[in-house]
Every structure is written in structure tokens, then in C-alpha cells.
Amino acid sequence: MKLLAKYNRINIFVTISILLISSICFYVMIRHVLVSQLDEDLKVEEQEVIDFVNANNKLPDPSNYEDQQIEFIKAGNITAEKKFTSVVLVKEDHKHKEEELYRQYGFSIAVNGERYTVLIRKSQEQTEDLIKIIAWITSGIVVLLLFILFFINRFLLSRLWQPFNNTLVQLKQFNLSAKNNVQLQPTSTTEFAELNKTVQVMTERAKQDYESLKNFTDNASHEMQTPLAIINSKLDVLIQDESLSEFQMRQLQGVYDALDRLSNLNQSLLLLTKIENSQFNEQENISLDGLVREKLIQFEELSAARKLVITANIQPVNISGNKKLNDILIGNLLNNAIRYNVAGGSITVKLDADELIISNSSFLPALDAEQVFQRFYRHADTKQDGNGLGLSIVKQICTMAGYNISYSYFNNLHEFKIALTKLL
Amino acid sequence: MKILIVEDEKALAESIDDYLKGEDYLCETAGDYNTALEKTELYNYDCILLDIGLPGGSGLKILKELKANNKTDGVLIISAKNSLDDRVEGLVLGADDYLPKPFHLSELSARIAAIIRRKNFSGSNLVKFNEIEIDTVAKTAVIEKKPFMLTRKEYELLLYFISNKGRVISKNAIAEHLWGDDMEGNNDFIYTHIKNLRKKMIESGGIDYIKSVYGMGYKFTDQ
């Protein structure tokens with residue numbers, strides 16, 4: 001759930017609860033104040049009635065007005081307690097009944113030895129009307145407040161979070177091997193400024209680590225070349241010795257083969273770092289179909305030996321790119337398609353303006369699409385003849401060229417598809 | 001034929017020296033920039049094997065000096081820095097060839113022979129071995145003056161053998177020469193090509209000079 005939604009949910013719930021509770025309190029208090037006011041007035045009336053009785057020694061006339069009524073009831077011996085009540089009186093017109101709420105005060109009074117219960121009533125309707133108006137205004141304000149809060153949250157908060165979102169976008173685009181650093185927009189919010197600072201430091205450190213790792217690979221591979229050259233040359237000289245026995249020669253063959261693998265691995269590692277370091281930046285117009293055909297001819301001998309059936313559907317495609325890299329790209333894919341094929345198997349090459357697809361039969365089951373491009377990934381059933389870097393190199397070339405490469409497996413065919421429409 | 005080996009790795013220079021001596025080359029070595037510069041200024045060589053990373057300075061600077069002094073020595077750059085820039089720069093500066101380390105000495109020897117052939121103008125595009133003659137410009141071969149039809153790979157193989165005559169060449173070196181880095185683990189193909197080459201040499205009235213050496217490699221020899 002979005003932070004804003006989460007915040008809004010809590011915020012609106014709390015706001016509504018608080019406003020509701022405060023409204024109820026408000027209502028109760030206003031009502032209490034107004035009713036007390038009414039009661040005061042009734043007390044004043046009581047005093048007036050008592051004063052009148054004391055002065056004239058008789059009861060005043062009962063009155064029956066809309067807003068104030070005074071009634072006297074003979075009470076006999078009963079002395080009524082002084083008490084305030086709210087009563088509903090039904091007023092009857094010839095047309096309709098109307099209920100009206102009154103505040104009533106009853107007390108006893110003695111006139112000439114006779115006891116009377118006096119009931120003074122004042123209309124409570126106005127009070128109720130006032131409370132109603134106040135309630136309406138209050139709820140109006142509550143609704144308005146909620147609306148305002150909602151919009152403030154929506155727009156103000158998303159504006160406040162803008163720097164965070166910017167940083168997030170930058171982080172999503174962050175690429176270790178890219179030359180440029182993350183570009184974070186300065187912000188006046190302390191928290192986000194801090195976040196940006198941390199992100200900056202972390203990405204720079206990651207880049208540095210990556211850079212030094214890359215340099216290490218590069219240097220290590222370079223440093224390995226001279227010893228490899230020495231071993232190679234010593235072997236070349238050694239085998240000239242005519243006194244070597246067959247047994248010794250066989251041992252030397254083993255050394256040669258291992259040396260070849262090591263040199264090969266070394267070359268591949270160097271190639272990978274070189275591609276990563278963008279050392280192949282010459283761009284030229286390449287006829288991709290020509291390149292594919294050329295490679296197919298180069299591999300003819302190898303594929304013929306395995307009796308592979310090659311089906312090629314190649315349309316003329318011209319691209320702008322690095323010739324050497326494209327050469328390696330196609331070479332590696334075809335080499336794999338042949339190397340991991342079964343005798344009498346098939347290879348299909350399809351090239352058009354949108355994509356290059358190379359699919360082949362193989363003795364291998366489906367490969368792990370997640371891992372297939374990783375360095376030194378080999379399926380358990382492969383013999384140790386590849387160096388495990390071929391597809392990493394392919395992937396790296398595609399990444400640098402902005403192509404998307406994907407692997408899929410169906411109908412017992414391994415398929416590598418390169419989308420030639422550039423992503424970047 | 002005089003060769004100067006400019007290489008700071010003693011062990012490597014030694015091996016190159018050992019290998020080339022057998023080819024009737026006269027080899028000198030220089031282990032650093034100053035020695036190399038001095039030697040190139042004083043003497044003329046048929047071919048200079050030039051390492052780029054040298055103590056005291058870059059081999060490319062020596063190449064520049066050579067060209068500035070209008071020297072015609074052949075130059076073969078042997079570098080551990082198999083970077084495209086070095087290669088391009090070296091060739092632009094006038095180097096005749098570029099061989100990245102590690103390399104097989106048989107490959108080195110064949111490259112040197114090619115450079116010297118190109119440098120010597122007097123009918124030097126002909127490579128001879130007894131009754132076999134190869135025209136390296138037309139890329140054709142004759143045996144006893146009779147044309148000798150070869151496939152591209154067989155031609156390359158024959159030339160490679162003759163450039164390293166009397167030497168044991170490992171199958172690994174042959175594979176790398178014929179196919180480069182593109183295809184690994186295809187030593188079986190070498191056998192097929194060699195079988196065909198032998199057959200053609202005999203059919204054309206020549207002698208099969210290719211001796212197998214314990215399954216490790218081959219030797220082209222008339223002894």
C-alpha cells in the first residue's frame with residue numbers, strides 16, 4: 001500500500017473520530033448551557049410569582065402564551081418538590097397536532113392557607129433550533145475540514161515526497177558499469193538530503209569497488225599473459241628435443257592442452273573487461289546478414305563433421321555497431337549451437353530487421369534462463385571443454401550495444417533471441 | 001638473416017632465441033628500451049621483434065625512431081597488451097605485423113618468414129623446399145614444376161610447415177594457426193587436413209615429408 005494511502009487511512013479515521021467526539025461534547029455542553037439559561041429564567045418567574053402572592057395575597061392570573069405558560073393546580077396536602085423537567089405538550093389546531101417541547105418548573109406555594117402547585121413552562125423549541133443550527137454548522141465544518149485535509153495530503157504530501165521519488169528513479173536507473181554517477185536533485189528537506197547523501201556515498205563506493213574489481217581482473221589477466229607466453233615458448237622449444245620418449249611427449253601434450261585452456265580463459269576474461277571498459281567504441285555500418293553468412297561458412301567444417309542440418313532464413317539487415325564485437329557475438333552463439341549439438345542435429349538461424357534467432361537441438365536439457373548468461377555457468381552435463389564465458393561475453397556485447405537477449409527452450413530446442421531494436 | 005629480439009622477459013627472449021637459431025637466423029636480444037634503441041640505431045636487422053611494455057620506455061617509441069630514420073627493418077610487435085589501440089597504433093606507425101602474447105614459436109617463426117619475404121624484393125615471394133615451390137603472392141604451389149591443387153587450409157598448412165621445416169609443431173599450434181581462437185578442441189580436423197595434404201603431395205609425384213611425432217604434433221622434414 002502506498003505511504004500516502006496508508007497515512008490517509010489513519011489520518012481520516014483519527015480526524016473523523018476526534019471531530020465526532022468533540023461534536024458530541026460540544027452538543028452536550030451547549031445544550032447544558034442553554035437549558036441552564038432556561039432554568040434561570042424559570043427561577044426568575046418563580047420569584048415573580050412568589051413576590052406577587054406575597055404582595056397581593058392571591059395568585060396571579062395563569063397565562064398561556066406561546067413561549068411561556070403558568071398554571072396553578074390545587075394540591076391539597078401534598079407539597080410538590082421543586083423540580084425541573086422537560087415535557088412535550090401537544091398543541092391542537094383544527095387542522096393538525098403539533099408537539100412542542102417545553103421546560104417546566106414545578107413548585108408549591110400557599111395562598112390563604114391553600115396549597116397550590118405552580119407549573120411554569122417555557123418553550124424549549126428555540127433552544128433546540130439553536131442547537132440544530134449549531135450542529136449543522138459544525139458538521140459542515142467537519143466535512144469541509146475533511147475535504148481540505150484530504151486534498152492537502154494528496155497534493156502537499158506528494159510534493160513533499162517528490163525528492164524521494166526522484167532519488168528512487170535515479171536508483172532504478174543506476175548501472176554499475178555505466179560511466180556516469182547518479183544525479184540526485186538537491187532538496188531542502190533534511191531527511192531526504194540525508195538519504196541522498198547516503199545514496200551518493202553508497203553508489204560511489206559500489207562503483208569504486210566494481211571499478212577496482214574490474215581493474216583487478218584486467219591486471220590479473222594481463223599479468224598472466226607473460227608467464228603463459230613463457231610456458232608456451234618453453235614447451236615449443238622442449239618438443240624439438242629428439243631424445244624425448246613417447247611417454248614424455250604425451251605428458252607434454254597434456255601440458256599443452258591445459259595451457260590452451262588457460263590462455264583461452266585468459267583471453268575471454270580480457271575480452272570481457274575490454275567490452276566493459278568500452279574499448280570497442282568504433283562504430284561502423286555492418287551488414288549483419290553478410291556477417292552471419294561469413295560465420296556460417298567459417299563453421300561449415302565443424303558443422304559438417306557433426307552432420308548438422310543448418311536452416312538459414314536471412315534477410316538483409318544493416319546495423320551500426322562494432323564489427324569485431326558483432327563478429328564475436330555471432331561466432332560465440334554459433335559455436336555453442338554446434339558444440340552442444342547432437343550428431344545429425346539441427347540449427348536454425350533466422351535474421352530479420354527485428355531480431356536474430358539462433359536455435360539448436362542439443363544433448364542438454366533446458367538451461368536455467370536466469371543463470372545461463374552468468375560467468376562460469378555450465379550445465380552439469382557439459383563436458384569441461386568450454387570456458388564458461390562465451391555467453392557472458394555475448395550478454396555483455398548485447399548490453400553494451402543496447403540489444404535485449406533472451407533464452408528459451410521449447411520442443412527440445414534451445415533458442416537465443418536477440419532483439420535488434422535498441423533499448424537505449 | 002639478422003633478428004633483434006626486444007623483450008624484457010629473459011626467459012621468453014631465450015626461448016625465442018633458441019627456436020630461431022635453428023632456422024639459420026642470427027639473433028640478438030635487447031632487454032630494455034635504451035639497449036634496443038642503441039642497437040636499432042647502430043645496426044640493420046631483417047626483422048625486429050618488438051615488445052611494447054619495456055623498462056625505460058615504450059616499444060612504440062622505438063618504432064617511431066626507426067621510421068623517422070627511414071630504416072627498412074621489418075617490425076613484428078609482440079605484446080602482452082592485446083589491446084586494439086596498441087595494435088592499430090603499431091600498424092599505423094608502420095609495424096609489419098602484430099602478434100599478441102601468448103603465442104606459439106612456430107607461429108612467430110612463420111610470421112617472421114613472411115615479413116622477411118615481403119621485405120626482400122628479389123623474387124622473394126617464392127618459398128622453396130626441395131621439389132615444392134610456393135608462390136606466396138598468388139597463393140599457389142607447384143611440385144616438380146607441376147601445379148599442385150590445394151584447398152585454402154591445405155595451402156596454409158603447407159606454408160606453415162615449410163616456414164617451420166625440421167621443427168616439431170604441436171597440434172595446438174597448428175589448430176590456432178588454421179582456425180584462430182574461433183574453434184577450440186578440433187584437433188581431429190587437423191588430422192583430416194594433413195591426411196589430404198599427404199595424399200596430394202604423393203599423387204603429384206612428391207615425397208611425403210610430414211612426420212607424425214607421437215601424436216603430439218608433426219614435423220616437416222626430408223631427413
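## Helix 9 of chain A and its partners

Helix 8 of chain A and helix 9 of chain A cross in a left-handed manner. The model described here is predicted. In it, helix 8 (residues 323-339) and helix 9 of chain A pack with their axes 9 Å apart, at an angle of about 140°. On the side of helix 8 of chain A, the contact involves Leu325(A), Ile328(A), Leu329(A), Asn332(A), Leu333(A), Asn335(A) and Asn336(A). These residues meet Gly390(A), Ile393(A), Val394(A) and Ile397(A) in helix 9 of chain A. Sorted by class, this contact has 7 nonpolar and 4 polar residues, with no charged residues.

Helix 9 (residues 390-401) of chain A also approaches helix 5 (residues 246-276) of chain A: the two axes come within 10 Å and cross at roughly 10°. Angles under 35 degrees count as roughly parallel, and helix 5 and helix 9 of chain A are therefore roughly parallel to each other. Their crossing is left-handed. From helix 5 of chain A, Ser268(A), Leu271(A), Leu272(A), Ile275(A) and Glu276(A) take part; they meet Ser392(A), Ile393(A), Gln396(A), Ile397(A) and Met400(A) in helix 9 of chain A. The contact between helix 5 and helix 9 of chain A has 6 nonpolar, 3 polar and 1 charged residues.

## The antiparallel sheet of chain A

Strands of a sheet pair through backbone hydrogen bonds, either parallel or antiparallel. In chain A, 5 strands form an open sheet in the order 1-2-5-4-3, and the pairing is antiparallel. Strand 1 (63-64) and strand 3 (83-92) of chain A are the edge strands, each pairing on one side only.

Strand 3 of chain A pairs with strand 4 (residues 97-111) of chain A over 10 bridges, in the antiparallel sense. Val88(A) stands opposite Leu101(A), which belongs to strand 4 of chain A. Helix 1 (residues 3-56) of chain A lies across strand 2 (68-74), strand 3, strand 4 and strand 5 (114-123) of chain A. Its direction runs at about 40° to strand 4 of chain A.

## Overall form of chain B

Chain B contains 8 helices and 14 strands. Its radius of gyration is 18 Å, close to the 17 Å that the globule rule gives for 223 residues, so chain B is as compact as a globular protein of that length. The C-alpha trace of chain B spans about 55 × 40 × 30 Å along its principal axes.

## The parallel sheet of chain B

An open sheet of 5 strands is formed in chain B in the order 2-1-3-6-7, with parallel pairing. Strand 2 (26-30) and strand 7 (97-100) of chain B stand at the edges with a single partner strand each, so one side of each has no neighbour in the sheet. From one strand to the next, the twist averages 20°.

Strand 6 (residues 74-79) of chain B runs parallel to strand 7 of chain B and is joined to it by 4 bridges. Ile78(B) stands opposite Leu99(B) in strand 7 of chain B. Helix 2 (residues 33-42) of chain B packs on the sheet, where it touches strand 1 (2-6), strand 2 and strand 3 (47-50) of chain B. Helix 5 of chain B also packs on the sheet, touching strand 1, strand 3, strand 6 and strand 7 of chain B; its direction makes about 155° with that of strand 6 of chain B.

## The contact between the chains

Chain B and chain A each give 33 residues to their contact. On the side of chain B, the elements that give two or more residues are helix 1 (10-21), helix 5 (105-119) and strand 12 (168-170) of chain B. Helix 1 of chain B provides the largest share of that side, 6 residues. By class, the side of chain B that touches chain A divides into 15 nonpolar, 10 polar and 8 charged residues.

Conventions
Residues numbered from 1 in each chain as written. Chains lettered and ligands numbered in written order. Predicted model: local features only at pLDDT ≥ 70, side-chain atom pairs only at ≥ 80, totals over all residues. Axes fitted to C-alpha atoms, helices over the stretch in contact; angles between N-to-C directions. Parallel < 35°, antiparallel > 145°, perpendicular 65-115°, else oblique. Left-handed = near helix turned anticlockwise from the far one by under 90°. Contact = placed C-beta atoms within 7 Å. Nonpolar A, V, L, I, M, F, W, Y, C, P; charged D, E, K, R; others polar. Pairing = 2+ DSSP bridges. Rg over C-alpha atoms; globule rule 2.2 N^0.38 Å.
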